[in-house]
There are 6 protein chains.
Amino acid sequence: MSTRPHGYLSPAAFAALQQASSATISTQLLKRGFRNTFMPGLVALRPDLRLVGYAYTLRYVPMREDLTLNQPLDNRTNQQRIAIEDVGPGDVLVIDARGDVQAATLGNILAERVLLRGAAGIVTDGAFRDLPEFRSMGFPTYARAAHAAVSWLSHYAADRNVPIGCAGVLVMPGDVIVGDAEGVIAIPAQVAEEVALAAAEQEELEVFLLEKIRAGASILTAYPPDAATLQEYEQWRNRRS
Amino acid sequence: MSTRPHGYLSPAAFAALQQASSATISTQLLKRGFRNTFMPGLVALRPDLRLVGYAYTLRYVPMREDLTLNQPLDNRTNQQRIAIEDVGPGDVLVIDARGDVQAATLGNILAERVLLRGAAGIVTDGAFRDLPEFRSMGFPTYARAAHAAVSWLSHYAADRNVPIGCAGVLVMPGDVIVGDAEGVIAIPAQVAEEVALAAAEQEELEVFLLEKIRAGASILTAYPPDAATLQEYEQWRNRRS
Amino acid sequence: MSTRPHGYLSPAAFAALQQASSATISTQLLKRGFRNTFMPGLVALRPDLRLVGYAYTLRYVPMREDLTLNQPLDNRTNQQRIAIEDVGPGDVLVIDARGDVQAATLGNILAERVLLRGAAGIVTDGAFRDLPEFRSMGFPTYARAAHAAVSWLSHYAADRNVPIGCAGVLVMPGDVIVGDAEGVIAIPAQVAEEVALAAAEQEELEVFLLEKIRAGASILTAYPPDAATLQEYEQWRNRRS
Amino acid sequence: MSTRPHGYLSPAAFAALQQASSATISTQLLKRGFRNTFMPGLVALRPDLRLVGYAYTLRYVPMREDLTLNQPLDNRTNQQRIAIEDVGPGDVLVIDARGDVQAATLGNILAERVLLRGAAGIVTDGAFRDLPEFRSMGFPTYARAAHAAVSWLSHYAADRNVPIGCAGVLVMPGDVIVGDAEGVIAIPAQVAEEVALAAAEQEELEVFLLEKIRAGASILTAYPPDAATLQEYEQWRNRRS
Amino acid sequence: MSTRPHGYLSPAAFAALQQASSATISTQLLKRGFRNTFMPGLVALRPDLRLVGYAYTLRYVPMREDLTLNQPLDNRTNQQRIAIEDVGPGDVLVIDARGDVQAATLGNILAERVLLRGAAGIVTDGAFRDLPEFRSMGFPTYARAAHAAVSWLSHYAADRNVPIGCAGVLVMPGDVIVGDAEGVIAIPAQVAEEVALAAAEQEELEVFLLEKIRAGASILTAYPPDAATLQEYEQWRNRRS
Amino acid sequence: MSTRPHGYLSPAAFAALQQASSATISTQLLKRGFRNTFMPGLVALRPDLRLVGYAYTLRYVPMREDLTLNQPLDNRTNQQRIAIEDVGPGDVLVIDARGDVQAATLGNILAERVLLRGAAGIVTDGAFRDLPEFRSMGFPTYARAAHAAVSWLSHYAADRNVPIGCAGVLVMPGDVIVGDAEGVIAIPAQVAEEVALAAAEQEELEVFLLEKIRAGASILTAYPPDAATLQEYEQWRNRRS
């Protein structure tokens with residue numbers, strides 16, 4: 001298995017991220033000054049599954065015929081293939097495809113191998129081929145589009161585990177990647193623990209506030225909550241625990 | 001409740017719009033010279049529900065840090081919040097987000113409040129956050145995309161109930177908004193009654209014509225219907241009523 | 001029925017295309033030097049149905065008021081209408097709408113007629129109106145978007161059975177069109193037979209390789225398969241037949 | 001020379017179009033119900049020269065390797081080459097490149113031949129190669145962009161003198177094409193004579209109105225002109241002639 | 001003349017903005033937390049002239065036939081026309097056209113009137129018609145594109161002096177607008193004075209630093225300047241004054 | 001100076017590339033199977049100057065606040081700054097900005113330093129700030145747009161001299177970069193020598209062919225040249241040398 005820095009989240013934080021929505025995490029990141037962390041335009045192919053893991057990045061550049069189409073694929077030197085045989089438990093394979101969806105970045109057979117190796121999921125800002133198959137695979141994957149063509153028609157895998165952009169968001173190797181039915185968010189490693197715990201707290205409060213709203217409360221007092229509402233929340237929380 | 005001009009449709013017209021498709025309404029508007037009334041690119045989050053109501057418009061402009069991020073939200077002066085506590089039965093909250101989907105325009109908690117207040121639905125040409133929650137909420141909503149970030153990262157609510165553009169279509173406060181699984185259409189107030197009634201007639205004819213087509217009729221006589229087909233239709237309609 | 005050159009595929013090849021994925025066909029076309037054959041961005045409205053047939057092309061140009069809005073539709077001279085009454089068994093109606101989705105290219109009534117005439121399906125790089133109806137129609141259709149407006153608001157049907165571009169891909173009359181849940185691919189007529197048969201072979205191999213991967217094989221030996229794996233495959237295939 | 005229907009404008013109308021701006025012509029077309037006649041996004045490579053002529057259309061579709069890259073160019077069958085040796089005095093070569101600027105549609109050597117043959121100019125909604133050379137060629141040309149690659153990398157010339165779309169505007173063979181520093185406009189043949197003459201009248205009035213504005217008149221009386229201003233204009237015109 | 005809040009800049013600050021580049025102003029705004037103030041994509045039609053003034057905003061929404069094409073223009077009620085007769089010395093007319101360049105937002109005759117009334121310039125995120133004329137008009141103007149069609153083909157002027165978005169940037173009435181050959185920047189009113197003065201200081205330093213760089217200094221010490229370089233700068237500045 | 005592999009072109013080849021147009025080079029690359037080498041959409045800020053040199057690549061990823069805005073710039077660790085003090089004679093600084101023009105990638109002071117260090121030019125698929133200054137700087141530069149904001153508002157320099165994409169084209173460190181008024185093309189290192197020499201030959205032939213065309217020759221015999229024309233060319237060439 002790889003020596004990448006991951007596994008640094010406490011079990012509590014990891015568990016919190018299994019529950020917290022990308023919307024809540026986005027708010028916690030914004031509070032800490034991070035404005036650009038959610039990857040717009042990616043479709044969840046298994047919206048029923050949650051994605052939590054550590055970024056294993058793979059960077060594609062535009063293909064050139066001498067490097068791809070006119071040369072046999074060598075699994076031992078091709079960076080995409082090395083990545084696929086290197087990812088493991090806890091990893092999320094995050095692919096920088098420059099948003100180019102004129103060919104795939106991966107197909108279902110390679111994705112099955114990534115799944116078999118224990119990775120948590122795959123995120124690309126490009127396309128998948130065999131995309132309909134991804135809807136029934138047993139782990140969460142995200143892409144911008146479907147395209148039938150093999151990756152090397154548009155892409156050449158340049159390197160692995162370098163900083164990348166994915167859907168306009170910086171992803172550093174080892175960043176925490178969280179995905180839900182809304183989409184994918186990247187949490188910088190150094191704030192991931194505190195963001196996770198703060199997100200859990202925020203979500204508990206929002207469960208209470210949503211109850212209030214559904215019971216007819218006005219947002220004037222309930223959202224954001226005023227002092228009285230917060231006091232009520234404390235009591236509600238005490239009763240719950 | 002608001003003093004906005006709405007409720008002017010007759011019960012028959014209102015009922016007709018509960019049935020007529022946006023496609024049929026588009027045709028009736030085109031016959032009256034209105035070419036640009038359908039809002040392309042919006043996704044129906046409850047395609048199983050029909051939307052009919054009167055436009056309550058909310059206009060966003062690009063955010064600026066002094067107005068949003070660096071200033072606490074005040075529910076009593078923020079135009080978005082005022083709108084949410086002002087909409088009521090019959091209203092459709094229509095948000096002009098300039099098509100910007102780099103942040104949300106609203107999340108599920110505020111949407112629940114809009115629902116609780118009795119509004120008919122929400123339409124935005126921006127994004128929702130917590131968008132997956134909208135798929136199970138009890139009223140029809142339409143957006144262009146999902147984005148996890150709070151609205152004030154990109155948007156500042158400038159004013160309410162002014163003419164706006166939504167997905168490239170003019171919406172005046174009080175215009176009739178109709179949505180189905182195809183999308184959303186805005187009917188100018190002054191023609192809404194007649195368009196509704198004409199749409200109902202057109203739909204009845206098209207039920208008949210579709211029967212004919214399914215029975216093997218050529219479009220040469222059936223679509224548009226020639227005189228013989230129209231005569232047949234009259235008989236069919238008489239038999240039905 | 002039309003005199004267009006079609007029906008040239010052998011039953012075996014036609015059957016193979018009923019099974020082969022657009023991804024596999026794309027690979028076989030790429031091997032023969034065809035890089036640009038898959039139509040990106042089209043949505044399958046019946047992803048559960050397969051599309052296989054011969055292209056019957058219909059070309060739209062931008063509308064002009066004297067040709068459409070200000071002139072009654074004449075079914076006998078309008079090229080769209082002529083096409084609809086001319087397509088037949090084996091045909092796939094492929095519409096070049098220049099990617100313009102500011103109006104529909106067709107609605108459900110005309111599509112029902114195309115279905116009744118026995119055509120295999122419809123592909124457009126524009127929009128459909130009544131698009132939700134297409135989701136329950138009994139044949140495969142593909143479009144880029146939904147739009148409520150009639151086609152002549154944006155389009156004028158210029159001619160039929162000429163070479164067209166559809167979603168950026170050249171389609172010649174009589175080319176083989178295949179669609180699955182991933183999207184649509186156009187196979188040049190002169191290679192369709194061999195591509196079909198080669199695709200079937202490739203798919204059989206991939207069934208075996210996927211089994212291997214799922215059983216824990218590394219891609220280093222299995223994908224692409226090395227000599228040992230290929231030998232194993234031969235045995236597997238012999239056992240199967 | 002070709003037998004295309006052109007040369008139908010009276011000398012007075014032709015002369016008027018040598019003076020009238022595309023803005024004025026657009027207004028006259030709009031008065032007659034034509035909304036979509038100006039081609040946005042095209043750059044005038046000789047903004048100092050006026051273009052007036054009759055459309056000779058050339059239609060490109062997406063290339064396919066068997067038709068272009070893998071086959072020697074035959075000047076006698078290639079539709080682009082036939083067009084270039086067929087255009088003549090009075091013609092404007094108008095190319096439908098589907099807005100695709102990933103390769104050129106023409107280079108300077110072919111353009112020189114078009115110039116030598118006496119054509120009035122060239123308009124494409126694609127790219128030119130050797131575009132800087134077009135800035136010093138002796139006739140007006142318009143394109144969307146520059147691209148170094150030969151046309152057949154992206155395009156295959158399908159046919160000539162059919163209706164086309166160019167930059168989103170319908171162009172019929174024989175339509176009058178006018179270009180100035182603002183861009184290019186297509187005038188339907190059947191209204192070209194009257195539009196030309198009406199444009200000349202409008203421009204004379206606007207010369208007068210601009211004088212008024214520059215002398216300090218308010219637009220309240222001068223633009224659009226009220227009765228008194230129009231009377232003044234009549235006197236001004238009489239003095240001039 | 002209008003009662004809009006403007007003229008609040010000191011003569012020194014106003015003079016500073018006549019010299020400072022939009023790049024320098026952008027840096028000063030960023031230092032104060034304003035990230036989004038420059039309007040990308042606008043072309044300077046008089047890049048040789050500087051624009052400094054106070055925003056007079058004009059907001060367009062999508063046209064609708066009953067409000068524009070099918071109704072005579074009334075200079076006394078049309079918000080565009082009222083704006084043109086209301087702007088005066090110190091004003092910059094800033095038009096929110098939603099980035100729509102499918103018609104003009106203004107032509108040269110109305111622009112001449114704005115010039116005659118003493119306004120400082122015009123900025124639109126839409127198009128101008130007669131755009132080539134703007135290149136020789138005696139004041140600075142900025143637009144995204146040229147389009148021959150009158151504004152009411154796409155736009156309806158909804159209101160004036162409300163907050164708008166222009167090219168993705170918030171503009172409040174009375175904000176300071178500065179334009180140079182690079183483009184246009186909006187300075188929030190409350191920081192305009194200090195930004196202007198700080199920009200002047202920064203530019204003086206950069207004159208010195210550029211001299212150093214041109215004399216062969218490494219950026220390691222010169223940009224940003226280290227303590228020694230800053231000391232040298234102080235001496236240079238003292239010698240100059 | 002750097003130890004990058006460059007300087008490998010023969011003087012004759014280097015001189016040939018000082019003359020050959022990007023269009024001619026594109027043709028020679030296409031003959032060798034390279035389809036995607038020209039960078040569309042880049043503007044030459046000194047179209048009067050030729051660019052020839054070896055790629056020194058600089059890769060930007062999306063900024064994140066902890067890496068840029070909230071951290072002082074350190075010239076000794078910042079990859080952009082290191083690149084600027086590392087480039088030297090023969091180098092072309094090629095920046096991968098992911099096509100993002102929402103901030104600059106470089107301004108005029110840093111560009112002056114690059115010039116002073118002897119580099120051949122700068123190419124970015126992002127924006128420059130102080131872009132108007134680049135029009136009078138003494139070396140060729142290319143960008144997609146102008147933006148006033150500093151680079152770190154959108155970009156973080158991740159690494160240098162790795163394979164990058166620039167305007168959709170693969171650029172490897174050491175590739176030959178050629179720019180003219182049309183734009184920029186990247187020549188793979190291993191074919192640069194032969195492409196340069198072949199381009200010179202092609203250009204000589206085209207000088208002759210253009211003379212022929214201007215003298216009235218039809219393209220039927222002259223372009224591509226038939227055997228007789230080629231023989232004539234040989235004589236012309238012999239006379240010239």
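Guide: Begin with what covers a helix. This is a predicted model. In chain E, the cover over the buried residues of helix H2 (22-31) includes strand E1 (38-39), strand E12 (176-179), strand E13 (184-187) and helix H6 (189-214).

Visitor: How many of the 10 residues of H2 in chain E are buried?

Guide: Eight are, so H2(E) is largely enclosed by the rest of the structure. The buried residues run from E:Ser22, E:Ala23, E:Thr24 and E:Ile25 to E:Ser26, E:Thr27, E:Gln28 and E:Leu29. Just after the helix, E:Gly33 has a positive phi of about 95°.

Visitor: How is the packing of two helices described?

Guide: By the angle between their axes and the distance between the axes. In chain B, helix H2 (residues 22-31) packs on helix H6 (residues 189-214) at about 120°, and the axes are 9 Å apart. That angle makes H2(B) oblique to H6(B). Their crossing is right-handed.

Visitor: Which residues of H2(B) and H6(B) meet?

Guide: From H2(B), they are B:Thr24, B:Ile25, B:Thr27, B:Gln28 and B:Leu29; from H6(B), B:Val195, B:Ala198, B:Ala199, B:Gln202 and B:Glu203. Of the residues in this contact, five are nonpolar, four polar and one charged.

Visitor: What relates two copies of a chain?

Guide: A rotation about an axis and a shift along it.

Technical notes:
Residues numbered from 1 in each chain as written. Chains lettered and ligands numbered in written order. Predicted model: local features only at pLDDT ≥ 70, side-chain atom pairs only at ≥ 80, totals over all residues. Buried ≥ 20, exposed ≤ 12 C-beta atoms within 10 Å, placed from the backbone. Helix = DSSP H or I, 4+ residues; strand = E, 2+ residues; numbered from the N terminus. Contact = placed C-beta atoms within 7 Å. Axes fitted to C-alpha atoms, helices over the stretch in contact; angles between N-to-C directions. Parallel < 35°, antiparallel > 145°, perpendicular 65-115°, else oblique. Left-handed = near helix turned anticlockwise from the far one by under 90°. Nonpolar A, V, L, I, M, F, W, Y, C, P; charged D, E, K, R; others polar.
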